[in-house]
Amino acid sequence: MKYSALSCAFLVSAALLSGCSSSSGTSQAASDSKASSTSSTAASNLADKKTFTVGFDAEFPPYGYMDENGEYTGFDLEMAQAVADLEGWELVKQPIDWDSKDMELSSGSIDCIWNGFTMDGREDAYTFSDPYIDNSQVWVVPADSGITSPADLAGKIVGVQKDSSALAALESDENADLTNSFAKLTQYGDYNTAFMDLEAGGIDALALDVGVADYQLKNRGDGFVKLDDLLASEKYGVGFLKGNTELKDKVQEDIYTLYDEGKVTELADKYGLGDFLCIEEYKN
């Protein structure tokens, strides 16, 4: 996503930037003036806090999604639940339109964005936790497409999630020649819809987060393959309103506690993300 989207870390319309979406185009809904006011209120109320509301893309497995029982789950949501349990908070899982995440955060409707949320390029727009997942943007194509590298995408229709990390990478100067070679770049609200279009032949390739890609490939059989060439690399963090350092520090402390207790690794392994954890690199 997110830079919105399907992995070392894990989590957090304008900013994704995605998560598991574009940075330079991030809106200033999390503006400094509003951030200062809201974060001061949040800080003064932290001791009395009873709920912890996490905004997430409900169609971004394995980070956040609805399972077969109709329950919202995923690596990031289980991590958020573990933090809430440590603090005695009630976790509120709030699905959001990824394009509206900044508005949700600045209005106080959510406490943070925790859903494969790309930090790279957004560092000045949010107060972030330390990175927890080292993520990459990859390509997925039909197994029988004959496409073996990005160069083969010339003249093809490529799909990507709106306001996602993959979209930001494709719109960067570094990839301008590649993107201009496509017949069309189609943007989707979520990756489930994009995969259905890929399966139906509506698009020829899909650019997305590696964790999301691995999850989808595992659950969709042998009809798709992941190219060896990466589009881009990035890291995930939990995103808070700019200036809300008190809540960020508390959540960060709890993440490190859970990591030391083995809970983070347990959950990462459960969701096939163990190889992407990068907490050890940043933990003091």
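Q: Which elements do the buried residues of α7 pack against?
A: Helices (H or I, at least four residues) and strands (E, at least two) are DSSP runs, numbered from the N terminus. Buried means under 20% relative accessible area, exposed over 50%, and partly exposed in between (1.4 Å probe, protein chains only). Contact means heavy atoms within 4.5 Å. The buried residues of α7 pack against β2 (59–60), β8 (133–142), α6 (191–200), β11 (205–209) and β12 (224–226).

Q: What kind of model is this?
A: Residues are numbered from 1 along each chain as its sequence is written, and side-chain values use heavy atoms, with hydrogens and water left out. Local features need pLDDT of at least 70, side-chain atom pairs count only at pLDDT 80 or more, and totals for chains, interfaces and linings use all residues: this is a predicted model.

Q: Which residues of α7 are buried?
A: Helix α7 covers residues 210–219. Asp214 lies in this helix, but at 26% relative accessibility Asp214 counts as partly exposed. The buried residues in α7 are Val210, Gly211, Val212, Ala213, Gln216 and Leu217.

Q: Which residue with positive phi follows α7?
A: The phi here is near 80°. The residue that follows α7 with this positive angle is Gly221.

Q: How far apart are the C-alpha atoms of Asp214 and Leu273?
A: Asp214 belongs to α7. Along the chain, Asp214 and Leu273 are 59 residues apart. Their C-alpha atoms are separated by 9.3 Å.

Q: How are α8 and α9 oriented to each other?
A: Axes are lines fitted to C-alpha atoms, for helices over the stretch in contact, and angles run from 0 to 180 degrees between N-to-C directions. Under 35 degrees counts as roughly parallel, over 145 as roughly antiparallel, 65 to 115 as roughly perpendicular and the rest as oblique. The axes of α8 (residues 245–260) and α9 (residues 263–270) come within 4 Å and cross at roughly 80°. So α8 and α9 are roughly perpendicular.

Q: How many nonpolar, polar and charged residues does the contact of α8 with α9 have?
A: From α8 come Ile255, Leu258 and Tyr259; from α9 come Lys263, Val264 and Thr265. Ala, Val, Leu, Ile, Met, Phe, Trp, Tyr, Cys and Pro count as nonpolar, Asp, Glu, Lys and Arg as charged, and the others, Gly among them, as polar. By class, the contact has 4 nonpolar, 1 polar and 1 charged.

Q: Which residues of α8 meet α2?
A: The axes of α2 and α8 come within 10 Å and cross at roughly 105°. The two helices are therefore roughly perpendicular. Met79, Ala82, Val83, Leu86 and Glu87 are the α2 side of this contact. On the α8 side are Lys250, Val251, Asp254, Ile255, Thr257 and Leu258.

Q: How many residues apart in sequence are the parts tied together by Lys49 and Asp111?
A: A salt bridge is a side-chain nitrogen of Lys or Arg within 4 Å of a carboxyl oxygen of Asp or Glu. Lys49 forms one with Asp111, the closest N and O atoms being 3.0 Å apart. Lys49 lies in the loop between α1 (32–45) and β1 (51–56), and Asp111 in the loop between α3 (101–106) and β6 (112–113), so the parts tied together are apart in sequence by 62 residues.

Q: Is Asp260 buried or exposed?
A: Asp260 forms a salt bridge with Lys283, with the closest N and O atoms 3.1 Å apart. Asp260 lies in α8 and Lys283 in the segment after α10 (279–282), so the pair ties together parts 23 residues apart in sequence. Lys283 is partly exposed, at 24%. At 52% relative accessibility, Asp260 counts as exposed.
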